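Subject: Structure handover

Hello,

Here is the structure I promised you. Please open it next to this email, and then read on for what I found.

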Amino acid sequence: MLDPLPAWIPSFAHLRRLAQSPKHHLVDPALAARLVGATFESLVKGQPESITPKDGTFLGALFESLAVQTVRVLADACDATVSHFRLLDGRQEIDMIVQRPDFRVLAIEVKFSQQVRPDDVTSLNWLEAQIPGRVLDKVILNTSDRAYRRKDGVAVVPLALLGL
């Protein structure tokens, strides 16, 4: 049921204090929701509370697992690898780093929201500053109904547009 997403440890950069443990995602988010007895009400409305907290954490986790699963399939077709990035102190974290064979990367954050807040892009912009010339693009995958590029260069893309 769980699919480990390895930590990204770049061999070409001197980033310090990197977390090295994998992050676990659900192989099939829909099956997981069914197995815990989730319903529309429990996922979207946060009821009953025994299944999911009112802040939507469980639904957000399902959304992130679906995003990881989708990106992994697309990356595999391009001979790229997918990892996650996190500093040990947690100050910087990026949900997915897609790395091509030439060591250039696509940095992806997943947000279970239609809106992108300024702090949602902090780690993406930080990484680009740390490894100049290596970041191909910075992307936020979210639940909105339109794709656009922010003034800081971050692409905001609905996960539905990646549809497999």
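First, a term: two strands count as paired if DSSP finds at least two bridges between them. M96 gives an example, with I108 in strand 5 as its bridge partner. Please keep in mind that this is a predicted model.

**Overall picture**

The protein has four helices and eight strands. From the N terminus, their order is β-β-α-α-α-β-β-β-α-β-β-β. Of the 164 residues, 41% are buried. Contacts with a separation of 6 or more were also counted, and 54% of them join residues 24 or more positions apart. The accessible surface is about 9,300 Å². Carbon and sulfur atoms hold 54% of that surface.

Six strands form an open sheet in the order 3-4-5-6-8-7. The pairing is mixed. Strand 3 (81-86) and strand 7 (148-149) stand at the edges. Each has a single partner strand, so one side of each has no neighbour in the sheet.

Now go strand by strand. Strand 3 pairs with strand 4 in the antiparallel sense, over five bridges. There, R86 has E93 of strand 4 as its bridge partner. Strand 4 and strand 5 are antiparallel too, with four bridges. These two strands form a hairpin, and five residues lie between them. In the turn, F103 has a positive phi of about 70 degrees.

Strand 5 and strand 6 pair in the parallel sense, over six bridges. V105 has V135 in strand 6 as its bridge partner. The chain gets from strand 5 to strand 6 through helix 4, and this β-α-β crossover is right-handed. Strand 5 is mostly covered, with five of its six residues buried.

As background, strands of a sheet pair through backbone hydrogen bonds, either parallel or antiparallel.

**Helices against the sheet**

Which strands does helix 3 lie across? They are strand 3, strand 4, strand 5 and strand 6. Helix 3 runs at about 15 degrees to strand 4. Helix 4 also lies across strand 3, strand 4, strand 5 and strand 6. Helix 4 runs at about 175 degrees to strand 6.

Helix 4 covers residues 122-130, and S123, L124 and L127 are buried in it. Seen down the helix axis, the buried residues of helix 4 fall within an arc of 105 degrees, so they line one face of the helix. Their cover includes strand 4 (93-99), strand 5 (105-110) and strand 6 (135-142).

Is S65 buried or exposed? S65 sits in helix 3 (residues 57-77). Its relative accessible area is 4%, and the cut-off for buried is under 20%. S65 is therefore buried. Leaving out neighbours within four places in sequence, S65 contacts H25, L26 and P29.

L26 belongs to strand 2 (residues 23-26). Not counting residues up to four places away in sequence, L26 touches M1, L2, A32, L62 and S65. The C-alpha atoms of L26 and L62 are 7.4 Å apart, although 36 residues separate the two along the chain.

Best wishes

How values were computed: Residues numbered from 1 in each chain as written. Predicted model: local features only at pLDDT ≥ 70, side-chain atom pairs only at ≥ 80, totals over all residues. Heavy atoms only, no water. Buried < 20%, exposed > 50% of the residue type's maximum accessible area, 1.4 Å probe, protein only. Contact = heavy atoms within 4.5 Å. Areas by Shrake-Rupley, 256 points an atom, 1.4 Å probe, with all protein chains shown as cover. Arc of directions from axis to C-beta. Right-handed = clockwise from strand over helix to strand, strands pointing away. Axes fitted to C-alpha atoms, helices over the stretch in contact; angles between N-to-C directions.
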